[in-house]
Amino acid sequence: MNRTIHELINMKARKIELELELGTSTVDVRHLSSQQLMHINRDYDHQYNPKVLLDMVNETIHNDEQTILNRH
């Protein structure tokens, strides 16, 4: 269960990064950690498609939330 919770937290942080890349986030870039900025730069360097990644992250978040709800 702890693993699922930690994964959910990480995926929600990743979601913010991807939304920033797409220009759809309301979070100020100045509030990001250096690790988050590194992820964004890595995405640009590798030319990852943020929309595709965001869809995958959203699916993982949904699955993790369902797993947590089903266990309680």
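Helix H1 is followed by Gly23, whose phi is positive, near 80°. Helices here are DSSP runs of H or I with at least four residues, strands are E runs of at least two, and both are numbered from the N terminus. This is a predicted model, in which local features need pLDDT of at least 70, side-chain atom pairs count only at pLDDT 80 or more, and totals for chains, interfaces and linings use all residues. Residues are numbered from 1 along each chain as its sequence is written, and side-chain values use heavy atoms, with hydrogens and water left out.

**Overall build**

The protein has 3 helices and 0 strands. Its elements run α-α-α from the N terminus on. The C-alpha atoms fill a box of roughly 40 × 25 × 20 Å along the principal axes. Of the 72 residues, 28% are buried. Buried means under 20% relative accessible area, exposed means over 50%, and partly exposed lies in between (1.4 Å probe, protein chains only). Contact means heavy atoms within 4.5 Å. Among contacts between residues at least 6 apart in sequence, 66% join residues at least 24 apart.

H1 has 21 residues and reaches 30 Å from first to last C-alpha. That is close to the 30 Å expected at 1.5 Å a residue, the expected span being 1.5 Å times one less than the number of residues. Its buried residues include Thr4, Leu8, Glu17 and Leu18. The buried residues of H1 pack against H2 and H3.

The largest nonpolar core has 6 residues: Leu8, Leu18, Leu54, Val57, Ile61 and Ile68. Such a core is a set of buried Ala, Val, Leu, Ile, Met, Phe, Trp, Tyr and Cys residues joined through side-chain atoms within 4.5 Å. H1 (2–22) and H3 (50–71) each supply at least two of its residues. The largest share, 4 residues, comes from H3. Beyond four places in sequence, Ile68 touches Met1, Thr4, Ile5 and Leu8.

| Residue | Relative accessible area | State |
|---|---|---|
| Glu17 | 2% | Glu17 is buried |
| Gln35 | 43% | Gln35 is partly exposed |

Glu17 lies in H1. Leaving aside neighbours within four places in sequence, Glu17 is in contact with Gln36, His39 and Ile40. A polar contact of 3.1 Å joins the side chains of Glu17 and His39. A polar contact is a pair of N or O atoms within 3.5 Å; within protein, one must be able to donate a hydrogen and the other to accept it, and residues adjacent in sequence count only if both atoms are side-chain atoms.

Gln35 sits in H2 (residues 34–46). Gln35 and Arg71 are 36 residues apart in sequence and 31 Å apart in space, C-alpha to C-alpha.
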